[in-house]
Amino acid sequence: MIYFIGAGPGAVDLITVRGKEMLEKADLIVYAGSLVNPELLHYAKPGCVFLDSAGLTLEQVLAAMAPAAQEGKVVVRLHTGDPSLYGAIKEQMDRLDALALPYQIVPGVSSFCAAAAALRAEYTLPDVSQSLIITRLEGRTPVPPREDISLLAAHQASMAVFLSLGRIGELAERLLQGGYAKDAPAAIVYKASWPDERVFVCTVGTLAETAEAHKIQKTALVLVGDFLKPQYSRSKLYDPQFAHGFREASP
Ligand code: SAH
């Protein structure tokens, strides 16, 4: 059996209990060495084989995992955060389907959740935004033109931008084109939940200079939106004047 496991955002104790249990049972762990905290590998049993996928192709990853799984070994494919976001797991699963090899997915804590925790923020505030847009600038991987940051920015919803620190000036430009003011609130969260986590609260207009001043080039998220401001309305759920299925209204 092959398990695709979300390693969480970085801190070793932010992997799920199920994910940790699979690491303890694994005979082979193929991990994304560029982002996964190597300390997670300490959960593995003696004799477990480790393979860093950072320098491998899809074919090489499959060539390592498939025979081990066919021999009945427990194979873990360890992805950073949650595997469903920018994890390139679909292409692996399709190859495994073609080989009729079974697999399961164990979700993980995505870095956008750890970034909100680092900021002590809530993405979905009443009267501010009830949506979170998860996106990226195009790189070698194209982004459909209808999802251009300037178009998404027009919604003024909370936004978590992955994989885009390398072109943060361009990112800021597109946010401005989409209607954000230069002084709209933004933040850069570097290595959320890692021991060297850093949080920079800035504005859309100062994103590029903030990244440059602190030499932040990768392993960071850009957050944008009024959810970073102090103003919002209180929730209806916990408002004494509103009743719901679990609580009656207070007089
Ligand atoms: N599946 C992962 C994302 C992988 S793409 C997840 O759910 O988080 C890699 C990008 O994720 C990085 O370029 C960066 O933008 C972001 N990232 C991953 N870990 C991070 C962390 N601990 N802090 C901030 N950003 C992180």
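**Ground rules.** I number residues from 1 along each chain as its sequence is written, and I work with heavy atoms for side-chain values, leaving out hydrogens and water. As the model is predicted, local features need pLDDT of at least 70 and side-chain atom pairs count only at pLDDT 80 or more, while totals for chains, interfaces and linings use all residues.

**Entry 1, the parallel sheet.** I looked up an open sheet of five strands and found the order S3-S2-S4-S1-S5, with parallel pairing. Strand S3 (49-52) and strand S5 (103-106) are its edges, each pairing on one side only. From one strand to the next, the twist averages 20 degrees. My strands are DSSP runs (E, at least two residues), numbered from the N terminus, as are helices (H or I, at least four residues); two strands pair if DSSP finds at least two bridges between them. Inside this sheet I checked S2 (residues 28-31) and S4 (residues 75-79), which run parallel and are joined by four bridges. Ile 29 stands opposite Val 76 in S4.

**Entry 2, the mixed sheet.** Here I read five strands in the order S6-S7-S10-S8-S9, again an open sheet, with mixed pairing. S6 (132-136) and S9 (198-203) each have a single partner strand, so one side of each lacks a neighbour in the sheet. S7 (residues 158-162) and S10 (residues 220-224) run antiparallel with three bridges between them, and Val 161 faces Val 222 in S10.

Next I followed two helices. H4 (residues 111-119) lies across S6, S7, S8 (185-190), S9 and S10, at about 65 degrees to S10. H6 (residues 168-177) lies across S7, S8 and S10, at about 15 degrees to S10. Contact here means heavy atoms within 4.5 Å, and angles run from 0 to 180 degrees between N-to-C directions of axes fitted to C-alpha atoms, for helices over the stretch in contact.

I listed 18 residues around the ligand, with Leu 85, Ser 110, Ser 111, Ala 192 and Ala 220 the closest (near means a heavy atom within 4 Å). A polar side-chain atom of Ser 110 is 2.8 Å from a ligand oxygen. A polar backbone atom of Ala 220 lies 2.7 Å from an oxygen atom of the ligand.

The structure holds eleven, each a side-chain nitrogen of Lys or Arg within 4 Å of a carboxyl oxygen of Asp or Glu. I picked Lys 20 and Glu 24 (3.0 Å, N to O). They sit four residues apart in helix H1 (residues 17-25), so about one helical turn separates them.

Notes. A polar contact is a pair of N or O atoms within 3.5 Å; within protein, one must be able to donate a hydrogen and the other to accept it, and residues adjacent in sequence count only if both atoms are side-chain atoms.
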